[in-house]
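Here are a few notes to read alongside the model. Take them one at a time, and find each spot in the viewer as you go.

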Protein chains: 2
Amino acid sequence: PDLESGTAAVQRQRQLTKPAGALGRLEEIAEWLATWQGRHPPQLERPRTAVFAGNHGIAAHGVSAYPQEVTRQMVRNFIDGGGAVNQLCAEVDADLRVYELALEEPTEDFTQVAAMSEEDCARAMAYGMMVVEEGFDVMALGEMGIANTTSAAAICCALFGGEPRDWAGPGSGLDEEGVKRKVDVVAAGLSRHAGKLDDPLEVLRRLGGLEIAAIVGSILACRLARTPVLLDGFACTAAAAVLYRIDPRLLDHCMAAHISAERGHRPLLEAIGKRPLLDLDMRLGEASGATLAISLLKAACACHVGMATFAEAEVSRRT
Amino acid sequence: PDLESGTAAVQRQRQLTKPAGALGRLEEIAEWLATWQGRHPPQLERPRTAVFAGNHGIAAHGVSAYPQEVTRQMVRNFIDGGGAVNQLCAEVDADLRVYELALEEPTEDFTQVAAMSEEDCARAMAYGMMVVEEGFDVMALGEMGIANTTSAAAICCALFGGEPRDWAGPGSGLDEEGVKRKVDVVAAGLSRHAGKLDDPLEVLRRLGGLEIAAIVGSILACRLARTPVLLDGFACTAAAAVLYRIDPRLLDHCMAAHISAERGHRPLLEAIGKRPLLDLDMRLGEASGATLAISLLKAACACHVGMATFAEAEVSRRT
């Protein structure tokens, strides 16, 4: 973190033509961007959105309202420009990248064995790190992966405790019976790996997924690249939670873009101490909430950079 | 309202490549815009932001952290492009208009007499109506007026009951003693006009302000012009509440853009049954929250119009 840039941002806020603090979280955003971009003023000209896609062995248990082939079909839809994330990227001039992680080779069924071998998990993390380039002003991270909210629920339960039913929700639209199946799959996974879940990276390897591991890597690499991160919904935030459990400070360059309607996201955000920027009942994934929040970051920068000071505008200060 | 267009929007949402409802309030926005713009698909190419400025006799009681001259100075700042609202308008390509309502002639002190004569109040409402032009896709309404959160608190207390301290907060940054003075001024106003506050328009005339009356007029005119409205913070929403008290349906073409940090805004939004789109601790007024929310409307339209359908993208539907 560049505390000098953060302090410069705070000092400029005080001089702008508004009562102190009146722009609320837009001021917090400007200070956060300055601190983690390492420059004052902060900029938001080059945002990037990255969507990682992976498939999950547990999909065979019927824990999603959609068949597994939809992961690949939706990746194709993103490439063709037809997804929600494409339209949202266009609105904020974000560069969209979609990364497939071996969709034809889903992870193993974590109710039986570890979802990933050490090598596969490490390789997915490394892949997520490598795709991070220098020169972007923010990275909006998200995912696509049929059944990955089940994986995310298992990760959260392993990292933070509670019951599977606290973390498992309808995802893309499961009925009550489906949610019950999902709860059972999470419980079976936790039971299968009991005693081996003390290390957060082992939680990731045993219960996670390739796209989730890649997001973990990307979050770390963004920090080194001085690129602040916007976290998307439940599955993406579960990836971040792995790092939080290693050291909470590893997420200081990340903001929660939104709170999703998926059941586990609220307790998860509370567990990692992040207040979301948006609360719009979204639950789509694919970095849609994170990309939408880029517009708030752009607005925060625009106000911070463009507003007149009291002196410039000859406006009287408070009495 | 054009229910046919609203229904067309609902039907299209069902075909887009996402689980039903997964875009949350972005879907609600698209349906609302279609209904009140009277067309499908809805558009958000031409947004306008209107800021009405007025001065208040009660400012003499020291109910603001800033001197009255700041109203005029900030209007000058908006014209020169230095305000927060200018930067926010630039981000969403909104056309900004600033309307002064006789800044050299503040309203009367409502602790003594009615703030406005019938003629002045009607003229301000008519002015607010007249400035509404056809052809805008949304109108973000806001205000600038030193001491106007005191007027807003008095209006809310008269319309919805409760105690003055429930509605009067620090505004632009009053200390505790200042808030106490403000509460006393609200109480004195309510007592002075007791027995004459049954008619919402009388509440507006006796306790309101010229910019607040102009906003009332604009909200009505926007409805006739098929222009949906984004309401800004506490003072702007208090203007809307006058119409709500006449008939709640008069606000069906309005959305609450955000919830401000000012004390009275939360109970006010609850009283008029509006859920805010944004919650960012902003409390600046000048249509800043309403203008920021335009970015959400643009995103909602972009998704609604640009996303592929399941059939177009050849994505499997739910199992």
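1. Let's begin in chain B, at P41(B), which sits in the loop between helix 2 (25-37) and strand 1 (47-53) of that chain. The peptide bond leading from H40(B) into P41(B) is cis, with omega near 0°. Please keep in mind throughout that this is a predicted model.

2. Now turn to chain A. P41(A) lies in the loop between helix 2 and strand 1 (47-53) of chain A, and the bond from H40(A) to P41(A) is cis, its omega near 0°.

3. Next, a pair of helices. Two packed helices are described by the angle between their axes and the distance between the axes. Helix 1 (residues 3-15) and helix 2 (residues 25-37) of chain A pack at about 150°, with 7 Å between their axes. Helix 1 of chain A is therefore roughly antiparallel to helix 2 of chain A, since angles over 145 degrees count as such. The crossing of these two helices of chain A is right-handed.

4. Which residues of helix 1 of chain A meet helix 2 of chain A? They are L3(A), S5(A), G6(A), A9(A), V10(A) and Q13(A), and their partners in helix 2 are E27(A), A30(A), E31(A), A34(A) and T35(A).

5. On to the interior. In soluble globular proteins, nonpolar side chains tend to be buried together. Here the largest nonpolar core has 104 residues, and L230(A) and L230(B) have the most contacts inside it. Beyond its close sequence neighbours, within four places, L230(A) touches residues including V138(A), L141(A), M255(A), L277(A), I294(A) and L297(A). Another core, of 66 residues, lies apart from it and includes V185(B), V186(B), L190(B) and A235(B).

6. Have a look at T107(A), in the loop between strand 2 (95-100) and helix 5 (118-130) of chain A. T107(A) counts as buried because its relative accessibility is 9%, and buried means under 20%. Among the residues in contact with T107(A), leaving aside those within four places in sequence, are N55(A), H56(A), G57(A), G208(A) and L210(A).

7. Finally, compare two residues in the loop between helix 12 (265-272) and helix 13 (288-306) of chain A: D281(A) and A287(A). Neither is a glycine, yet phi is positive, near 60° for D281(A) and about 65° for A287(A). Are they buried or exposed? D281(A) is partly exposed, at 29% relative accessibility, whereas A287(A) is buried, at 0%.

Technical notes
Residues numbered from 1 in each chain as written. Chains lettered and ligands numbered in written order. Predicted model: local features only at pLDDT ≥ 70, side-chain atom pairs only at ≥ 80, totals over all residues. Heavy atoms only, no water. Axes fitted to C-alpha atoms, helices over the stretch in contact; angles between N-to-C directions. Helix = DSSP H or I, 4+ residues; strand = E, 2+ residues; numbered from the N terminus. Parallel < 35°, antiparallel > 145°, perpendicular 65-115°, else oblique. Left-handed = near helix turned anticlockwise from the far one by under 90°. Contact = heavy atoms within 4.5 Å. Core = buried A, V, L, I, M, F, W, Y, C linked by side-chain atoms within 4.5 Å. Buried < 20%, exposed > 50% of the residue type's maximum accessible area, 1.4 Å probe, protein only.
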